[in-house]
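User: Can you walk me through this model? I'd like to start with the charged pairs and then move on to the strands and the core.

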Amino acid sequence: MPNPPTAQSPRVHAGGTFAFGARENLTVSGAINNSGAITFNNGTLSLNTITNMGSWDFQTTRDIPASTTYGTLTLSGAVAYTLAGSITCVNLTISNASGTLDAAGYQINIGGDFSVSGAFTSNGNTVVFDDVSKTSNITVNGASAGTLTFYNLTCITPSKTLRFDGGDTFVITNTMNLNGQAVNTEIVLNNQADDGSTQFIFKINTASEPTVYYLDVSNSDVDNTGTQSINTSNCINRANNDTITTRCWKFGLQIDISGYAYSGYGTNGLDTANIVLVKNGTVNTNVNTNSSGYYTFSSIAFSIGDIM
């Protein structure tokens, strides 16, 4: 490839690969259509737009171009990377234990997994997990030694699932914006094994206690050496969470409500009848009975004085 090459709208087809060699620079005035795999080694890349979301591997390129449509973005070099602007990707991996990524304050939107084997520095940025069709596994390996720090951690996508690496610590230093929006669309937080034993750990170093909304939480600890606990509103304390130490999850009061629905003066169970739970005059949630007429509402948050 001549140096420096230019292209208007290059395309990499599905199953195809494009390897970009050392000391080569590429300027794209149109759009890269990547349905395959693109690898960059040491050159520089100037982009306008990207269409489709194939895989990208920046091996030694230092500055990661801003984009709205990266697919799987891998930073595999033992070098220091810096974002040149906000990015969106399906998966983001810092795969080299000696590699570092400085977000430089730019927002990162991730639909799927975030894996860090080197080091991640936010510099005041926001990391957003936002694709409900994908479970996001957040994993810390190698040089990060079990700790990953977020400045702003955000997920406001209803029914999204976030799975954190069990035994690792996830530090929040500014805002923790987690909101599943409504009953029955809670964001699920869990460890990656769902084993009921190994907790992932939040360490909250924010200026004030964060409040999170409409979460379904399992296997989570809160580090006592942090400055804050985690307050909750309409969240489900599913299992194996830290609720009693100095810094902890504050779930408040929760109850299970169950019973039977009958017809015929209490002789026949109502099969698949819809039972509605109303709290303080507002519909809270609903469930269907089983074949015997049995129903249950689990982990219903309430305060003293509420009318069910």
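Analyst: Glu209 forms a salt bridge with Lys250, with the closest N and O atoms 3.0 Å apart. A salt bridge here is a side-chain nitrogen of Lys or Arg within 4 Å of a carboxyl oxygen of Asp or Glu. Glu209 lies in the loop between strand E25 (200–204) and E26, and Lys250 in strand E31, so the pair ties together parts that are 41 residues apart in sequence. Strands are DSSP runs (E, at least two residues) and helices likewise (H or I, at least four), numbered from the N terminus.

User: What should I know about the model and the numbering?

Analyst: The model is predicted: local features need pLDDT of at least 70 and side-chain atom pairs count only at pLDDT 80 or more, while totals for chains, interfaces and linings use all residues. Residues are numbered from 1 along each chain as its sequence is written, and side-chain values use heavy atoms, with hydrogens and water left out.

User: How many salt bridges does the count come to?

Analyst: The count comes to 3. Arg238 pairs with Asp216, the closest N and O atoms being 2.7 Å apart. Arg238 is in strand E30 (residues 236–239) and Asp216 in strand E27 (residues 215–218), so this pair ties together parts that are 22 residues apart in sequence. Asp216 is buried at 13%, whereas Arg238 is partly exposed at 43%. Lys134 and Asp131 also meet in a salt bridge, at 3.2 Å from N to O. Lys134 has 32% relative accessibility and Asp131 has 23%.

User: Back to E31. In what order do the strands of its sheet come?

Analyst: The order is E26-E29-E31, an open sheet of 3 strands with parallel pairing. Strand E26 (211–213) and strand E31 (249–250) stand at the edges with a single partner strand each, so one side of each is left without a neighbour in the sheet. Strands pair if DSSP finds at least two bridges between them. Strand E29 (residues 230–233) is joined to E31 by 2 bridges, and Ile230 stands opposite Trp249.

User: Which strands pair with E21?

Analyst: Strand E19 (residues 126–129) pairs with E21 (residues 147–155) in the parallel sense over 3 bridges, with Val128 facing Thr154 as its bridge partner. E21 also pairs with strand E23 (residues 169–178), again parallel, over 8 bridges. There, Thr147 has Thr169 as its bridge partner.

User: Which residues touch the most other members in the largest nonpolar core?

Analyst: Phe120, Phe129, Phe150, Leu189, Phe202 and Trp249 do, out of 45 residues in that core. Another core of 6 residues lies apart from it, including Ala261 and Tyr295. A nonpolar core is a set of buried Ala, Val, Leu, Ile, Met, Phe, Trp, Tyr and Cys residues joined through side-chain atoms within 4.5 Å.

User: How many disulfides does the structure hold?

Analyst: It holds 0 disulfides, a disulfide being a pair of cysteine sulfur atoms within 2.5 Å. Cys89 is buried at 2% relative accessibility, and Cys155 is buried at 0%.

Key:
Buried < 20%, exposed > 50% of the residue type's maximum accessible area, 1.4 Å probe, protein only.
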